[in-house]
Amino acid sequence: MTLFTDSEEAVSRGLRPLHQRLNNAIRRAVVRRYSDAPKQGEVQIDVLSGEVQDRVELFQQYGLSSSPPLGSEAVLIRIGASGDHQIIIATAKRDARPKLPSAGDVALWDVDGHFVALRRDGVEI
């Protein structure tokens, strides 16, 4: 029994390059260096495919600013058809992140354990 008709196989073959480009547009990386000198923070990263990228812009939410510790994980977005322009849209440091017991809790924290939590029953500092 054939799973695909000839036309379905042709469409699948035609979509493979698009699938590959989309697959390469979002990547995981590890922060190796951080600089706050430019207007927008920049990082040097190791992309999990083994390549090193330097001076990648680090986008952060308005009103919040952080300097990701070395070894933080990052989400890399490649913008444009060629993927020449890259930005980091999120960073995480799993081994330092505090655990929040309840859905809806929010915390500001740093790698040294300083912590402010907003919880349903009040604020914890």
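Predicted model: local features only at pLDDT ≥ 70, side-chain atom pairs only at ≥ 80, totals over all residues.

Biologist: How many bridges join strand β4 to strand β5?
Modeller: Strand β4 spans residues 73-79 and strand β5 spans residues 85-92. Here the pairing is antiparallel. I79 stands opposite H85 in β5. The count of bridges between β4 and β5 is 7.

Biologist: Which residue is the bridge partner of A29 in β4?
Modeller: β1 and β4 run antiparallel, joined by 5 bridges. A29 takes part in this pairing. Its partner in β4 is A74.

Biologist: And which residue is the bridge partner of A29 in β2?
Modeller: Strand β2 holds residues 42-47. It pairs with β1 in the antiparallel sense over 6 bridges. A hairpin of 6 residues makes the link from β1 to β2. In β2, A29 has as its partner V47.

Biologist: In what order do the 5 strands of the closed barrel run?
Modeller: The pairing is mixed. From one strand to the next, the twist averages 50 degrees. The barrel closes in the order β1-β2-β3-β5-β4.

Biologist: Which strands does α1 touch as it packs on the sheet?
Modeller: The direction of α1 makes about 30 degrees with that of β1. β1 covers residues 26-35. β1 also pairs with β4, in the antiparallel sense. The strands touched by α1 are β1 and β4.

Biologist: How far does helix α1 reach from its first C-alpha to its last?
Modeller: The helix takes in residues 6-25, which is 20 residues. At 1.5 Å a residue, 28 Å is expected. The model comes close to that, with a reach of 29 Å.

Biologist: At which residue does α1 bend?
Modeller: The bend is about 35 degrees. A proline, P17, follows within four residues. The bend sits at R16.

Biologist: Which residue's side chain makes a polar contact with the side chain of R16?
Modeller: R16 lies in helix α1. It counts as partly exposed because its relative accessibility is 45%, between the 20% and 50% limits. R16 and I79 are 63 residues apart in sequence and 19 Å apart in space, C-alpha to C-alpha. At 3.4 Å, the side-chain partner of R16 is E9.

Biologist: R21 is found in helix α1 too. What is its relative accessibility?
Modeller: R21 and A90 are 69 residues apart in sequence, and their C-alpha atoms lie 21 Å apart. R21 counts as partly exposed, so its value does not pass the 50% limit for exposed. The relative accessibility of R21 is 49%.

Biologist: Is Q86 buried or exposed?
Modeller: Q86 has its place in strand β5. Its relative accessible area is 10%. The cut-off for burial is under 20%, so Q86 is buried.

Biologist: Which side chains does a polar contact of 2.9 Å join to that of Q86?
Modeller: Leaving aside residues up to four places away in sequence, Q86 touches Q53, V56, E57, L76, I77 and R78. A polar contact of 2.9 Å joins its side chain to that of Q53. Another of 2.9 Å joins it to that of R78. The names are Q53 and R78.

Methods
Residues numbered from 1 in each chain as written. Heavy atoms only, no water. Helix = DSSP H or I, 4+ residues; strand = E, 2+ residues; numbered from the N terminus. Expected span 1.5 Å × (residues − 1). Bend = angle between axes of the 7 residues up to and from the residue. Buried < 20%, exposed > 50% of the residue type's maximum accessible area, 1.4 Å probe, protein only. Pairing = 2+ DSSP bridges. Axes fitted to C-alpha atoms, helices over the stretch in contact; angles between N-to-C directions. Contact = heavy atoms within 4.5 Å. Polar contact = N/O pair within 3.5 Å; in protein donor to acceptor, adjacent residues only side chain to side chain.
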